[in-house]
Amino acid sequence: MPLCDFETFDFLVVPADSSAAAELAAALPRSRVLKAFNTTFAATLLSGVVGEAELPTTVVITGDDADAKSVLADVVTAGGLRAVDAGSLKRARELEALGFL
């Protein structure tokens, strides 16, 4: 199989009980790893709104470091977007699955 098969995206597959973010966190134990932005399209990040009702764009954030999540949430809200803390890095699994679909 080619290293980067863009028809199947199989190269993005991680163990079923993990996530790419969790794999990165395990490989970089002294780092503060967050998962965010992958459920939001670039156009809605740019416009700051979603849909005809022009609801604020929401950025979902997961991570195990409360301070790092707070800093990112501040950056997101300073950009006029809505930040939602979705819990620990374990929740990155669901965010990645949603983005993958």
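Among contacts (heavy atoms within 4.5 Å) between residues at least 6 apart in sequence, 61% join residues at least 24 apart. Keep in mind that this is a predicted model, where local features need pLDDT of at least 70, side-chain atom pairs count only at pLDDT 80 or more, and totals for chains, interfaces and linings use all residues. Residues are numbered from 1 along each chain as its sequence is written, and side-chain values use heavy atoms, with hydrogens and water left out.

The chain runs α-β-α-β-β-β-α-β-α, with helices (H or I, at least four residues) and strands (E, at least two) taken as DSSP runs numbered from the N terminus. Some whole-protein values:

| Item | Value |
|---|---|
| Secondary structure | 4 helices and 5 strands |
| Buried share of the 101 residues | 26% |
| Accessible surface (Shrake-Rupley, 1.4 Å probe) | about 7000 Å² |
| Carbon and sulfur share of that surface | 60% |

Now for Ser-18, which sits in the segment before α1 (20-27). Is Ser-18 buried or exposed? Ser-18 counts as buried because its relative accessibility is 13%, and buried means under 20% relative accessible area, with a 1.4 Å probe and protein chains only. Its side chain makes a polar contact with that of Glu-23 at 2.6 Å; such a contact is a pair of N or O atoms within 3.5 Å, one able to donate a hydrogen and the other to accept it. Neighbours within four places in sequence aside, Ser-18 touches Glu-23 and Arg-93.

Definitions and conventions: Buried means under 20% relative accessible area, exposed over 50%, partly exposed in between (1.4 Å probe, protein chains only).
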